[in-house]
Amino acid sequence: MATLIHTISDHSDDVNYCAFSSSCLATCSLDKTIRVYSLSDFAELPYSPLEGHAYAVHCVCFSPSGLLLGSCSTDGTSVLWDSRDGRRLAVLRQPGASPVRVCRFCPRAARLLAGAADGSVVLWDVRSMAPYRSGQVKGGSLVACAFSPNGDFFVTGSSSGDLTIWDDTMRCLCNEKAHDLGVTCCDISSHPVSDSENGFKYFQMASCGQDNLIKLWLILFADFLGVQLKYKCTLHGHCAPVLACAFSCDGQLIVSGSVDKRVIISETSTGNTLHILSQHTRLFFICRYVTTCAFAPRSPLLATGSMDKTVHIWQLDLKQPCAGGTVENESKVAVEDWSEDDVSAWLCAQDLTDFVGLFKMNNIDGKELLNLTKESLANELKIESLGLRSKVLQKIEELRKTTSSASVPDEFLCPITRELMKDPVIATAANICTVPVPKPL
């Protein structure tokens, strides 16, 4: 069940995009502004709205840490903002000054991808504020992009209908004609799909387009096979061009928004439609296109935006909610015995949702989690950001302390501080002596 719990009506023109961090929701509009809201009460933050773009803002995205907010606009720029105070940190100008249609942060490295109407795609280094790599899509505008959860590759979609897979050096690995009338959006699930027969792990991707379709794909990387983009299935729920699609954080659901003014939530494993939401058709009886939709990473929330100038916030009550609230197994199963799914749930609960895919790809279970070090985070998992490595390591250290305490008998712990006592004395019946109480005179 999906329940409408809040509506944002602050924009004065069409809502183009919305994006979640673990604590905030950002929206952008044709009115040239970006607005940021707290997820605790949906109140607009004091520094919002953010103004600085000269024309319509097409896309917004949060960095993996949530500390940076990226935006891009028809004015040919991508802008970096500090999400804590709203300061504008940098203005990144697209080569050729072409309108920038889409932007995404790399989940592993400090880089921002920006794609433009002339087909140019630039990977910016957000530390030096300089281009790291650049490329070109032929025959159309670049309108969609998505990173793999480990950051090793990304996919772009163009108005010509092509999906292109690039590695992190901007080398084109694969190209596929996906939607006859043009791609409008794409997303990659943070949870890989396992192939029990061949032992492979696939990245699951969704794309949607002007042909009214949503297509699900599997991306396989193998040394002896190279890169394979395998078609999985097509979802036919919409009767007009589909403008937006997004996976839930556990990869089990996909949401889509369309020119048919409807939002559809489907199950990725079966393709079955679970919910059809049509509240964007009811504002003053004016029917407007649904332009954007996004799942929250840590809570069962869904945001949908429309050309009716509103953003709806939905509360999802599902049989299999997004793994991100609590870790049920944490108190029942020893950390050493955690499965990969238990580790994923723990990452979500610790505000480390962006690392779920990376840990899954490296088969990090409970035992491997406790053995991670700063060296293995940097050299093996390739987490380049020092801040992110420190954050992950701090959470693991807290988990180690909890595990250590849980394995020590209660009588060896201080009853007040719960710290391990150096020289505990355990009293038994044989040690207890009785002292006679003198009788009153």
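I began with W217, which comes out buried at a relative accessible area of 3%; the label buried stands for under 20% relative accessible area, exposed for over 50%, and partly exposed for what lies in between, with a 1.4 Å probe and protein chains only. The model is predicted, so I kept in mind that local features need pLDDT of at least 70 and side-chain atom pairs pLDDT 80 or more, while totals for chains, interfaces and linings use all residues. Residues are numbered from 1 along each chain as its sequence is written, and side-chain values use heavy atoms, with hydrogens and water left out.

Aromatic pairs came next. I found 6 of them in the structure, taking rings of Phe, Tyr and Trp (its six-membered ring) as paired if their centres lie within 6.5 Å, with planes under 30 degrees apart counted as stacked, over 60 as edge-to-face and the rest as tilted.

I looked up F153 and F203, an edge-to-face pair at 5.1 Å centre to centre with 75° between the planes. F153 belongs to strand 15 (residues 153-158) and F203 to strand 20 (residues 200-209), so this pair ties together parts that are 50 residues apart in sequence; strands here are DSSP runs of E with at least two residues, helices are runs of H or I with at least four, and both are numbered from the N terminus. Both partners are buried, F153 with a relative accessible area of 1% and F203 with 4%.

I then returned to W217, whose edge-to-face partner is Y231, at 5.8 Å centre to centre and 75° between the planes. W217 lies in strand 21 (residues 214-222) and Y231 in strand 22 (residues 226-235), so the parts that this pair ties together are 14 residues apart in sequence.

For charges over rings I required NZ of Lys or CZ of Arg within 6 Å of the ring centre and within 35 degrees of the ring normal. The charged end of R111 sits over the ring of Y132, 3.8 Å from its centre, and R133 lies over the face of Y132 at 4.5 Å from the ring centre.

Cysteines were my last local check: with a disulfide taken as two cysteine sulfur atoms within 2.5 Å, I counted 0 disulfides. For C145 the nearest cysteine sulfur is that of C186, 6.6 Å away. C145 is buried at 1% relative accessible area, whereas C239 is exposed at 59%.
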